[in-house]
Amino acid sequence: MSEIDLETARKVAHLARIAVPDENLPALAQDLSRILTFMEELNEVDVEGVEPMTSVTPMRLKRRADAVTDGGIQARILSNAPDAREGFFAVPKVVE
């Protein structure tokens, strides 16, 4: 069993960019130790012949036809623009 000391817990909190007050370090160290113990237990599980899975249910992603279109919604998109001209967004000039 791996025991995490307070200094290691402080370092892990720092690396994770988590502000942990000194009075909470013992609880963090204990939680990290429990996680490592559980991971060690998982290493004992025999997974020989078990296929890796990406989901708990067998499913395929829905696919759409790979076809080039103009989108057909130019007017709807440009309706949100504060200024549109000739089918394009009009923006203020920023470089003279």
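How many residues does helix H2 have, and how far does H2 reach from its first C-alpha to its last? The legends below start there. This is a predicted model, in which local features need pLDDT of at least 70 and side-chain atom pairs count only at pLDDT 80 or more, while totals for chains, interfaces and linings use all residues. Residues are numbered from 1 along each chain as its sequence is written, and side-chain values use heavy atoms, leaving out hydrogens and water.

View 1. H2 spans residues 25-42, which makes 18 residues, and reaches 26 Å, close to the 26 Å expected at 1.5 Å a residue (1.5 Å times one less than the number of residues). Helices here are DSSP runs of H or I with at least four residues, and strands are E runs of at least two, numbered from the N terminus. Leu 25, Ala 29, Leu 32, Ser 33 and Thr 37 of H2 are buried (under 20% relative accessible area; exposed is over 50%, partly exposed in between, with a 1.4 Å probe and protein chains only). These buried residues line one face of H2, because they fall within an arc of 140 degrees seen down its axis (directions from the helix axis to the C-beta atoms).

**View 2. Leu 42.** Leu 42 belongs to helix H2 and is partly exposed, at 46% relative accessible area.

**View 3. Two residues with positive phi.** Most residues other than glycine have a negative phi. Arg 17, in the loop between H1 and H2, has a positive phi of about 60 degrees and is exposed at 69%. Glu 86, in the loop between strands E1 (84-85) and E2 (88-89), has a positive phi of about 55 degrees and is exposed at 78%.
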